[in-house]
Structure formats: structure tokens, C-alpha cells
Amino acid sequence: MTTTTYATRTAAGALAALLLLAGCSSKAKDDDADKQSAGGIKTGEGISGKTINLGVLTDMTGVYATLGKSVTQAQQLYVKQLNAAGGVCGYKVALTIRDHGYDPQKAVSGYTELEPKVLGFAQFIGSPFVAAVKQRVDGQDKGLVLPQAWSAALLGSPYIRVIGSTYDIETINAVDFLIKEKGIKKGDKIGHVYFEGDYGESALVGSKYMAKDAGLTIVEQKIKPTDNDMTAQVAALKQAGVKAIVISAGPRQAASLVGVAAAGGFDVPVIGNNSAFAPQLLATQAGPALMKNYYVASPSLPIGADTPEAKKLVADYRAAYPKDALDNGIVAGWTAASAFGEALKKACKNKDLTREGVDRALLTINAFDLGFGPVQDFTDPKSPSSRESVILQPDKSVTGGMKVVREAQASEVAEAYTPGG
């Protein structure tokens, strides 16, 4: 979900410039905004009356519309349950939702509109858009942002916290799976098809790092998000003699890649990053090939996991949204909302529900476990909250269309790797 239609560094610079202009036009912060509630709790931006307001910047109409809908509805479900249980410190939590449609101008203007009104953001889809606001978040805004984005470029901020392994680490774990489970060995070539921009290039850093460690050769195929037919890429990789393929792109590209390879008798395993699959693909012509040769590295167990927490979430989500499909966007949305909720509860105990108080509270959470695999540690802003990945395989017979083929683990290389190092 962190892929980027405007992926070049030039576009990123334009986004940053647009943000700067938008930020300059907004009203200045009131240094005396912090106030004391009747219960002795310090509050500030985003709290009005007895309501804590959180922002949601999602994609309901663009490239990741299906995913954005699942993430958002899961967060609405979490907030409904939280409020039913009494809220936080007597405050109810409310979500203010804006659909940016994966458009950079809408994403930046949406952030600029909501930022003065909310305590922080429980959702922000799109690495390029989050990166564009990073300087402002770190500098003047200081509101907690829990993005649905896994680019290593987002690390280092105490306010923007990546949940789960970043794409470079995830790809290291993906290649480790190919080596240990799919027979890839020293001297082999591996193809890597990736989106230009921060998502694909972050993943490429990981595949190259792992290749150097394991004595492999990476054969690169850079594509744009508008490239939907992977025929040329498959032909090039087949000619190069690759023994496996990593894909860091969107669901459509993954389906095309696997389908074209199968049709041409190119029988090699393909593994994608967590953004490169949607269960709806199993109903397409590529479905059988995906179930045979495709794998996905994920920061969590799937929505259909055999855990009490997953089963409860499935039952609750189905009760709330009976007409909607189940996918891993539900897990991502639920996890981010729950992490934000946990930070709010700790800030409540500290009697400090200001932005700074909530940020500090999250930094004390070192073992956040929702029953979806990896345990999250938010104490070090320079590191992702986990280095583990779960390896999944498409399977239309299971809830959510994904089954676990390797439980959560971090490879030795991933454990020793330093993002950006």
C-alpha cells in the first residue's frame, strides 16, 4: 500500500515544496494551547470537549481503494469498541476521515486541513505522502502518525512510527525463505521486479544486501505503477536464467507476472512484499498460478490466522460489515488503531494527553502483542517495531485467502542489518 504513482525524487521534492507552501499558509500554533482538564489531565490539540479527535488519511477511490476501505473500517470498529468500553480517561475517540485517492495534492491538503484539528493520525496510506510531511511533523506539529507504509525512509522520527518490518528487512526475510525453502543457492540469479520510488527501491536495498551476503546475483527490472502487463519483464528474466523472482509492486503487477510466467512454462517461485497481493486476485485467471507459485512476506499473520484474537476480529468485522470481504488490510488497520489506543491509555495514566505526552507514551511500549504474530517494540525510532516476517501463500479455501507457510521469524541477516546503514 506504499507504492507510489509519483515515485521519482523530483516528484517527492515537489510534494515537499507543496507541503511547505501549505504549511506556511496555515495559522500559526498557539504556544499556550495546552490546557488542564477538570480531572487534572493535560490536554492540547485534537481534544475538544470530551472527545479525542484522530485523523485518517486513506485511499478509498485510488490504487489501493479496496485496502483503504478495509483499513478504515477496521479502525472504525476498534474505536466503536473502545468507546463502548468507556473510552480513554472519560473521553470518547472520534475519527475524522479524508480520502486522498492516492493523489499527492489531496494527501498534502488533507494533512494540512486535519493537522490543527486532531491529536494525531491513526492512518496515513502512502509512503511518498508521509515522507512529504515528515519534516513538518518532526519540526512544528509533533503529532503521532502511524502510517500504513513500510519504507525505510520513514525511520528516525519519534512521531512517525513504522509498524512491522520495513520493506528492506521484509525483502531480506523473503530471500531467506527462497534460500531455505525453495532451493536457491550460492551462484544463482534472482529477478527483482520493483516499482520506481521509495517502496520498490527500499525493497531493492534489501534484496541486494541479502544477495551479497548469500552469493547471489540480482537481475533488476524497474517498472512504473502504470505498467500492468509484465510480459516483457518475464521474458527478460527468463532469458537471464533467474531461479526465483521477488516482486515489489502492486497486486495487479504480481498477478500479471505470475500468470504470464505460468502461461510460458517459466516455473519458478515468486515472492512479493506485503503490498503485492489482494485476495480478489484468486478469482481471476491468474488464481491457480498464484496458489501454486506465489508467496508473500507479511509483517503479521493473516486475517484468517488460527488464533483467538484473529477469530474474534473476523467475527466482529463480519458482524459490523457483513457484505465486505476479509483481507489483511483489516489486520493493518486494527493493529495501528490498537497501538494508538494503547498509547492514549498510557498517556492517560500519565495525566498528559497532549501530543508530546502521547508520543512519549508510545515510546515506552516495548512488547505490544495483538495475537497476530510479531511482537512490536516502539522504543527505538531508528528501528522498525519488528524485524520479523510471516511468509504467506494464497489459498482461496481459507478465510481471507492467505495461509501461513512459515511462522513469524527474522533471518540472521535481518537481525544484523541496519536500515540506512
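## Buried, and a glycine that qualifies

A residue counts as buried when its relative accessible area is under 20%. Gly 126 comes in at 0%, so it is buried by that cut-off. This is a predicted model, and Gly 126 sits in its loop between β6 (120-124) and α4. For a sense of distance, take Asp 213, which is 87 residues away from Gly 126 along the chain: the two C-alpha atoms are 30 Å apart.

Thr 354 is another loop residue to look at, this time between α11 (328-349) and α12 (355-362). Its relative accessibility is 2%, so Thr 354 is buried too. Between the C-alpha atoms of Thr 354 and Asn 328 there are 31 Å, with 26 residues of chain separating the pair.

## The whole chain

Zooming out, the protein has 13 helices and 14 strands. Its C-alpha trace covers about 70 × 45 × 40 Å along the principal axes. How does the radius of gyration fit a compact globule of 421 residues? Such a globule would come out near 22 Å, and the protein has 21 Å, so the two agree.

Burial is worth a glance at this level as well: 58% of the 421 residues are buried. Then there is contact range.

## α3 against α4

Now for some helix pairs. Helix α3 (residues 104-114) packs on helix α4 (residues 127-141) at an angle of about 20°, and their axes are 10 Å apart. Angles under 35 degrees count as roughly parallel, so α3 is roughly parallel to α4. The crossing of α3 past α4 is right-handed.

From α3, the contact draws on Pro 104, Ala 107, Tyr 111 and Thr 112, while α4 supplies Phe 129, Val 133, Arg 136, Val 137 and Asp 141. Sorted by class, the residues of this α3 and α4 contact are six nonpolar, one polar and two charged.

## α5 against α6

Helix α5 (residues 167-181) and helix α6 (residues 198-214) have their axes 7 Å apart and pack at an angle of about 45°. That angle makes α5 and α6 oblique to each other, and their crossing is right-handed.

On the α5 side, the contact is built from Tyr 167, Asp 168, Thr 171, Ile 172, Val 175, Asp 176 and Ile 179. Facing them from α6 are Tyr 199, Ser 202, Ala 203, Gly 206, Ser 207, Tyr 209, Met 210 and Ala 214.

## α2 against α10

How are α2 and α10 oriented to each other? The axes of helix α2 (residues 65-84) and helix α10 (residues 308-320) cross at roughly 95° and come within 11 Å. Since 65 to 115 degrees is the range for roughly perpendicular, α2 is roughly perpendicular to α10.

Lys 69, Ser 70, Gln 73, Ala 74, Leu 77 and Gln 81 are the α2 residues that meet α10, where the partners are Lys 312, Leu 313, Asp 316, Tyr 317 and Ala 320. Five of the residues in the α2 and α10 contact are nonpolar, three are polar and three are charged.

Gln 73 is 247 residues away from Ala 320 along the chain, yet their C-alpha atoms are separated by 8.9 Å.

## Two lysines with positive phi

Lys 142 has a positive phi, near 60°. Lys 142 is located in the loop between α4 and β7 (144-145), and with a relative accessible area of 23% it is partly exposed.

Which loop holds Lys 351? Lys 351 is in the loop between α11 and α12. Its phi is positive at about 55°, although Lys 351 is not a glycine. At 46% relative accessibility, Lys 351 also counts as partly exposed.

Key:
Residues numbered from 1 in each chain as written. Predicted model: local features only at pLDDT ≥ 70, side-chain atom pairs only at ≥ 80, totals over all residues. Heavy atoms only, no water. Axes fitted to C-alpha atoms, helices over the stretch in contact; angles between N-to-C directions. Helix = DSSP H or I, 4+ residues; strand = E, 2+ residues; numbered from the N terminus. Parallel < 35°, antiparallel > 145°, perpendicular 65-115°, else oblique. Left-handed = near helix turned anticlockwise from the far one by under 90°. Contact = heavy atoms within 4.5 Å. Nonpolar A, V, L, I, M, F, W, Y, C, P; charged D, E, K, R; others polar. Rg over C-alpha atoms; globule rule 2.2 N^0.38 Å. Buried < 20%, exposed > 50% of the residue type's maximum accessible area, 1.4 Å probe, protein only.
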